[in-house]
Amino acid sequence: MNDAARKLAPLAKDQADQHYREAPNNLEAEQALLGAILVNNDAFYRVSDFLKPVHLYEPLHRKIFEVAGDIIRMGKTANPVTIKTFLKADEKVGELTVAQYLARLAAEAVSIINAEDYGRAIYDLALRRSLITIGEDMVNIAYDAPLDMPPQSQIEDAERRLFELAETGRYDGGFQSFNDAVALAIDMAGQAFERDGHLSGISTGIHSLDSKMGGLQRSDLIILAGRPGMGKTSLATNIAYNIAASYEPEVQPDGSFKAKNGGVVGFYSLEMSSEQLATRIISEQTEVSSSKIRRGDISEADFEKLVACSQMMQKVPLYIDQTGGISIAQLAARARRLKRQRGLDVLVVDYVQLMTGSKKSGENRVQEITEITTGLKALGKELNVPIIALSQLSRAVESREDKRPQLSDLRESGSIEQDADVVLFVFREEYYVKNMEPRDEFDPKYEEWKMKMEQVKGTADVIIAKQRHGPTGTVKLAFQSEFTRFSDLADPSFTQYEH
């Protein structure tokens with residue numbers, strides 16, 4: 001026998017003895033659970049909050065569970081007699097008809113007390129099958145090495161699918177029944193009633209803005225835009241810190257935590273370092289000028305305030321990523337990781353034009369921005385969090401006599417306006433009026449300028465140019481430039497200023 005034959009002989013024997021592995025399943029557990037439901041419909045409610053028809057391995061069992069659930073939710077009794085009319089009469093289960101199989105399931109039913117344990121076992125096996133599918137896809141794609149999917153993209157795709165599996169118990173999308181959607185809407189209304197300020201969304205900490213927007217709504221893409229010097233980053237930082245500082249967790253029945261008020265905030269600072277961002281927040285909270293903090297021009301009392309503020313801020317769930325030129329795929333992967341490890345309720349991106357798209361978009365910047373905004377919108381829906389994305393405006397604003405921004409001023413792509421659920425413009429007339437100061441104080445126009453400056457000094461407009469769920473308009477706020485702080489105006493007549 002030659003060497004090749006000798007090597008093949010044991011291999012052939014091993015293959016003959018090999019048993020092919022079957023996907024993890026437990027048909028006995030599925031039969032026991034269905035039998036318990038058919039005997040006592042209360043068993044269904046013990047598993048319906050986590051177990052779905054897709055989690056059952058046997059197709060017939062899936063159909064039985066789905067039909068039984070529909071009948072029970074209608075307030076009727078699900079038993080072998082009522083269910084069999086909704087199943088194929090000529091279908092065989094071994095030597096039994098479907099009607100006989102249903103009767104056998106009911107006859108051999110276990111106690112309702114064990115129903116939840118069987119449901120958990122079925123659910124865990126379904127997750128294992130999903131993990132196997134993800135693992136097989138990873139191996140096959142890695143072996144094929146397709147040109148359009150480099151290793152980094154494969155890692156990000158696998159991480160996304162694993163995240164979705166961990167969060168929702170499934171890795172593929174699908175239709176949601178209208179009943180489920182209505183239930184979610186009612187839950188949201190109930191939470192708004194119980195939450196401080198009676199807001200359906202997460203409070204920004206600025207009451208006049210909340211009253212117009214109802215807070216930040218989950219899965220919304222909120223574009224915050226303005227020309228340089230208007231205070232985009234300041235407003236985003238103020239809102240981010242307000243949300244994180246008011247974070248109040250609430251324990252859920254499964255032992256996880258959910259934000260009752262405020263939330264955990266992730267802040268992508270592509271323009272400034274984390275130290276610069278922290279300096280702004282400390283300045284805002286202590287009312288010590290950020291320029292003085294950077295120069296070290298502070299008194300002992302100011303320093304004590306800074307130390308006390310920093311100790312308080314260490315407990316605030318605000319996480320900063322200062323990676324410059326991050327791609328939408330990297331941003332999404334890191335956001336999923338943050339939500340999995342620390343939780344996540346709000347995401348801030350400063351700013352869109354500093355992000356990069358995939359190589360597919362090439363040199364076309366409009367396509368790149370479209371890819372980024374579409375990706376941000378999809379990420380908000382996937383993570384179920386509001387995303388505040390800052391954006392620059394085109395120079396067309398400066399060439400107009402009226403400097404107030406318009407939707408057409410959004411820079412580089414119409415997709416920003418299209419994908420956004422809310423578009424906010426920050427406009428400080430003080431910035432433009434200050435630049436128009438007459439050189440000579442004896443100039444006849446000087447008094448006119450001085451009066452105008454007094455009217456606009458320390459104020460800012462947040463223009464709600466687009467809002468899918470509410471009205472548009474303008475909210476007038478106070479702005480303290482030395483502390484980079486936006487807040488509600490003290491005079492109630494300015495709290496909701498309409499044009």
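I looked up Leu235 and found it in helix α11, residues 232-245. The model is a predicted one, and I kept that in mind throughout.

Is Leu235 buried or exposed? Its relative accessibility is 0%, so I noted Leu235 as buried, the cut-off being under 20%.

Next I listed the contacts of Leu235. Leaving aside residues up to four places away in sequence, Leu235 touches Ile206, Leu224, Val426, Val462 and Phe486. I also checked Thr204, which is 31 residues from Leu235 along the chain; their C-alpha atoms are 9.9 Å apart.

Then I turned to helix packing, starting with α2 and α4. Helix α2 covers residues 27-39 and helix α4 residues 59-73; their axes lie 11 Å apart at an angle of about 20 degrees. That angle is under 35 degrees, so I wrote down α2 as roughly parallel to α4. The crossing of α2 past α4 is left-handed. From α2, I found Leu27, Glu30, Gln31, Leu34 and Ile37 meeting His61, Ile64, Phe65, Ala68 and Ile72 of α4. Sorted by class, this α2 contact with α4 holds 7 nonpolar, 2 polar and 1 charged residues.

My last entry is α2 with α7. Helix α7 spans residues 115-144, and α2 packs with α7 at about 140 degrees, the axes being 9 Å apart. The two helices are therefore oblique to each other. Here α2 contributes Ala29, Glu30, Ala32 and Leu33, while α7 contributes Ala115, Tyr118, Gly119 and Ile122. I sorted the α2 contact with α7 as 6 nonpolar, 1 polar and 1 charged residues.

Technical notes:
Residues are numbered from 1 along each chain as its sequence is written. This is a predicted model: local features need pLDDT of at least 70, side-chain atom pairs count only at pLDDT 80 or more; totals for chains, interfaces and linings use all residues. Side-chain values use heavy atoms; hydrogens and water are left out. Axes are lines fitted to C-alpha atoms, for helices over the stretch in contact, and angles run from 0 to 180 degrees between N-to-C directions. Helices (H or I, at least four residues) and strands (E, at least two) are DSSP runs, numbered from the N terminus. Angles under 35 degrees count as roughly parallel, over 145 as roughly antiparallel, 65 to 115 as roughly perpendicular and the rest as oblique. A crossing is left-handed if the near helix is turned anticlockwise from the far one by less than a right angle, and right-handed if clockwise. Contact means heavy atoms within 4.5 Å. Ala, Val, Leu, Ile, Met, Phe, Trp, Tyr, Cys and Pro count as nonpolar, Asp, Glu, Lys and Arg as charged, and the others, Gly among them, as polar. Buried means under 20% relative accessible area, exposed over 50%, partly exposed in between (1.4 Å probe, protein chains only).
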